[in-house]
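I opened a new page for this one.

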Amino acid sequence: MTLRFTTMFLAVAASASTAFAQAPAPAKAPGAQAGIIDAKTMTPEQRSAAILAQYSEPAFDPQSAQRTEEAIKRYKAIAAKGGWPMIPAEAKYAAGAEGPDVELLRRRLVITGDLFTVESSGPYNDELIAGVKRYQLRNGLLATGLVGPRTLAALNVPVEKRVQQLEASLQRMQAIGFKFGERYVVVNIPAAFAEAVEGDKVVRRYRVIVGKSEKPSPTVTSQINNVNLNPTWTVPSSITKHEIAARMRKDPGYLARMHMQVLDGRGNALDPASVDWSEGKTPDVTVRQDPGEWNALGRVRIDMPNSYAVYMHDTNQRNLFANDYRFDSHGCARVDNVRDLAAWLLKDTANWDRIQIDLGIATGQRQDIKLTKPVPVAWVYLTAWMARDGIVQFRNDIYDQDAQLNEASADIKAFLNPTSEPVTR
């Protein structure tokens, strides 16, 4: 690196370090290691507080595209200098360890501004551990300070791929056309988090479960206009055909056990035994699940009208929020600590604070609450971005959309700028 670039890069990294250092310590369950979010032993409220404490800058705001352009320049400059070294798969790191692998890791972290020392040698000390933690946090990994398989894989992603991630995310930011408000909600699908933003700061952050790779959650913008307490769940026809029918063939009592009703086209209840559930058939019925703890939507549904018919909701499998891998839905977004989000959404709606929400749920009766002021919401697909604190964040391209977008962009560029030489085959 040139002296100018090195100075600039370390200055940005130093501000990132300060941002992490000043964040309050995340809530921990008894026995949890310092600095590590032990999601499996935390309550939903503790999980929300812990991930918010890590950083309060939104992943997506009106200046995200401009900052991401700066990040692209930064990473292209790294590429022009030769990128960063690859860490050997057999490298082992432990506190106090010394040797070539430790020196290599130190050089690797200095290049991306996660470590601020210019030393080329020394033990695997607290400073280096802190650098690894900074790197882990901005890559969505557990901040253990240990270089395990997932951290090693992230460290060894080539700089060229990081540039491609930034460029693909930038294209999506520029194309989304989202109308930001004073208050808005963003679900970043690759990160599997939802953010409630108010006054340009993230005031709530929640773990979410989004679509499986074969049933991806869409990118969409809308407005949240209703909160439903004790919702019913109308099962999508595709699930009725491929999943409900299969279960009924094996277990005729399945629908009754799951508190589900079968309705005809006029909404009249039918005897499930009267329906032909045979394989290959498409039952001309609607299946609806009654409100209750058994309901797949849980106790809260957050409506956001859109052409994909997706929404945000609670779940009857809340234990799944403790998982690091949270790509397990049919396309909708299940939200951890969803009652807290509902209370935030309804803060301008009279008589619907958290206590009233809990009381309403306790009745067991469905209630639809219209927001006095609709809240803009965007589901985005960002695998790379730079927040206001100067920290460049990366997440895995879970749906392989970056590669597809970059390939399409290259095809368009080639079409618009053909070479003078004819193509021969």
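Before anything else, I noted the pairing rule: two strands pair if DSSP finds at least two bridges between them. Strands (E, at least two residues) and helices (H or I, at least four) are DSSP runs, numbered from the N terminus.

Housekeeping next. This is a predicted model, where local features need pLDDT of at least 70, side-chain atom pairs count only at pLDDT 80 or more, and totals for chains, interfaces and linings use all residues. Residues are numbered from 1 along each chain as its sequence is written, and side-chain values use heavy atoms, with hydrogens and water left out.

Strand 1. I looked up its partners and found strand 2 (residues 193–198), paired antiparallel over six bridges. Tyr184 has Val197 as its bridge partner there. Four residues sit between the two strands of this hairpin, and Ala192 takes a positive phi near 55°. Strand 13 (residues 367–380) pairs with strand 1 in the parallel sense, over four bridges, and Val186 stands opposite Ala378.

Is strand 1 buried or exposed? Six of the six residues in 183–188 are buried, so the strand is largely enclosed by the rest of the structure. Buried means under 20% relative accessible area, exposed over 50%, partly exposed in between (1.4 Å probe, protein chains only). I checked both faces: Arg183, Val185 and Val187 cover one side, Tyr184, Val186 and Asn188 the other, all buried.

I found an open one of four antiparallel strands in the order 5-8-6-7. Its edges are strand 5 (233–234) and strand 7 (269–270), each pairing on one side only. Two bridges join strand 5 to strand 8 (residues 286–289), and Thr234 is partnered with Arg288.
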